[in-house]
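Subject: Handing over a structure, with notes on what was found

Dear colleague,

Please find the structure below, followed by my notes on it.

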Amino acid sequence: MAEERIQKIMSEQGLCSRRAAEQIIAEGRVKVNGHPVKVGDKMDPNRDVLHVDDERIYIQKNQQMYYLALYKPRGYVTTASDELGRKTVMELVSDIPARLYPVGRLDKDSEGLLLMTNDGAFAQAVTHPSGGISKLYRVTVQPRADESQILKMSSGVVLDDGTKTMPCAINVVTDEPGRTVMEMTLKEGKNREIRRMCEAVGLEVVRLKRNAEGVVKLGMLKPGTYRELTKAEVSGLRAAAAKGRLDNDRIPHFFCNGQCFFCMIQRFLASRDHRYPCRDHRISGIGFIAEFADDICVWSDENNMTLLT
């Protein structure tokens with residue numbers, strides 16, 4: 001059998017998501033045949049021996065995949081285990097004969113829809129920032145939120161760490177003295193994002209409930225219970241994640257004198273009438289795909305362009 005990346009094998013075995021596997025590997029907690037490995041290293045799942053935190057992982061072939069919608073109650077943490085002894089969401093799915101892990105997170109004081117799976121590729125697609133799957137929350141705040149506070153949050157606010165949130169949709173459900181109930185639709189998932197957004201405009205969240213994620217609705221689930229996703233829901237989430245990655249293939253244009261890196265790349269792509277075939281051939285941030293570097297340089301020389309940094 002061909003060798004595969006270790007983080008991919010770990011996620012497929014339901015140990016964690018691929019991004020979490022990369023972090024665990026980077027921390028030096030993973031060994032293959034007794035030797036520490038690095039992110040990007042490969043192994044043969046049929047021949048090599050994998051250990052995580054000194055525990056041998058027996059690799060299962062053709063295991064059944066589970067996709068669950070769980071109603072996470074308040075008071076549970078979204079981790080596989082908790083060193084403080086707090087209740088975890090794993091206790092709520094202990095009857096499933098597979099090692100599941102949460103897809104995304106909800107903080108201890110929040111409740112509502114939480115996806116659970118043992119399919120690492122699915123979890124990676126749904127949680128990847130490029131996916132942009134929308135999530136619907138019902139949020140109760142105090143004191144009453146005025147129009148300016150709602151406008152600031154919907155337009156994007158600067159959080160306590162200096163980052164700015166993406167614009168979001170906000171619909172006021174109940175507006176009364178002392179409190180406001182809103183429905184907020186977000187497409188990103190910063191840590192405790194809604195609570196920090198509200199804090200940034202002087203509001204306190206007293207209740208936060210996730211009602212939907214993409215095509216999956218919480219519906220009539222009771223706290224602490226779960227149901228299996230339908231094939232249509234799994235397909236819908238995958239399709240939404242793929243569309244998000246495709247939308248992110250478009251290079252952002254920044255206002256400048258037309259000579260910045262992104263403008264040059266935009267003109268280069270236009271001259272080649274080129275569309276990236278997959279997410280691995282996408283330019284993002286300050287990096288670009290190495291296989292296009294020579295062509296870009298030749299094109300810029302032909303057009304007397306100078307790259308500004």
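A salt bridge here is a side-chain nitrogen of Lys or Arg within 4 Å of a carboxyl oxygen of Asp or Glu. The count by this rule comes to 19 salt bridges. Before going further, please keep in mind that this is a predicted model, in which local features need pLDDT of at least 70 and side-chain atom pairs count only at pLDDT 80 or more, while totals for chains, interfaces and linings use all residues. Residues are numbered from 1 along each chain as its sequence is written, and side-chain values use heavy atoms, with hydrogens and water left out.

Salt bridges

Side chains of opposite charge can pair when their charged atoms come close. Arg29 takes part in a salt bridge with Glu27, where the closest N and O atoms are 2.8 Å apart, and the side chain of Arg29 also meets that of Asp53 in a salt bridge of 2.8 Å, N to O. (Helices, H or I with at least four residues, and strands, E with at least two, are DSSP runs numbered from the N terminus.)

For accessibility, buried means under 20% relative accessible area, exposed means over 50%, and partly exposed lies in between, using a 1.4 Å probe and protein chains only. Glu27 is partly exposed at 43% relative accessibility, Arg29 is partly exposed at 32%, and Asp53 is partly exposed at 43%. Another salt bridge joins Asp41 to Lys38, with the closest N and O atoms 3.9 Å apart; here Asp41 is partly exposed at 24%, whereas Lys38 is exposed at 57%.

Two strands pair if DSSP finds at least two bridges between them. An open sheet is formed by 4 strands in the order β3-β2-β5-β6, with antiparallel pairing. Because β3 (35-36) and β6 (55-57) stand at the edges and each has a single partner strand, one side of each is left without a neighbour in the sheet. Strand β2 (residues 30-32) pairs with strand β5 (residues 50-52) in the antiparallel sense over 3 bridges, and the bridge partner of Lys31 in β5 is His51.

Nonpolar cores

A nonpolar core is a set of buried Ala, Val, Leu, Ile, Met, Phe, Trp, Tyr and Cys residues joined through side-chain atoms within 4.5 Å. The largest one has 21 residues, of which Val139, Val141, Met153, Met184, Ile194 and Met197 touch the most other members. At least two residues of this core come from each of β10 (135-142), α4 (147-155), β12 (179-186), α5 (193-200) and β13 (204-213). Apart from this core lies another, of 19 residues, among them Tyr101, Ile133, Leu229 and Leu237.

Contact means heavy atoms within 4.5 Å. Not counting residues up to four places away in sequence, Val141 touches Gly178, Arg179, Thr180, Met182, Cys198, Leu203, Glu204, Val205 and Val206. Val172, which lies in strand β11 (residues 169-176), is partly exposed with a relative accessible area of 35%. Leaving aside neighbours within four places in sequence, Val172 is in contact with Ile150, Thr180, Val181 and Met182.

Cysteines and aromatic rings

With a disulfide taken as a pair of cysteine sulfur atoms within 2.5 Å, the count comes to 0 disulfides. Cys168 is in no disulfide, and the nearest cysteine sulfur, that of Cys198, is 9.2 Å away. Cys168 is buried at 12% relative accessibility, and Cys198 is buried at 0%.

Rings of Phe, Tyr and Trp (its six-membered ring) pair if their centres lie within 6.5 Å, and planes under 30 degrees apart count as stacked, over 60 as edge-to-face and the rest as tilted. The structure holds 1 aromatic pair. Tyr67 and Phe122 form this edge-to-face pair, at 5.0 Å centre to centre and with 80° between the planes. Since Tyr67 lies in strand β7 (residues 67-72) and Phe122 in helix α3 (residues 120-127), the pair ties together parts that are 55 residues apart in sequence. Both Tyr67 and Phe122 are buried.

With best wishes
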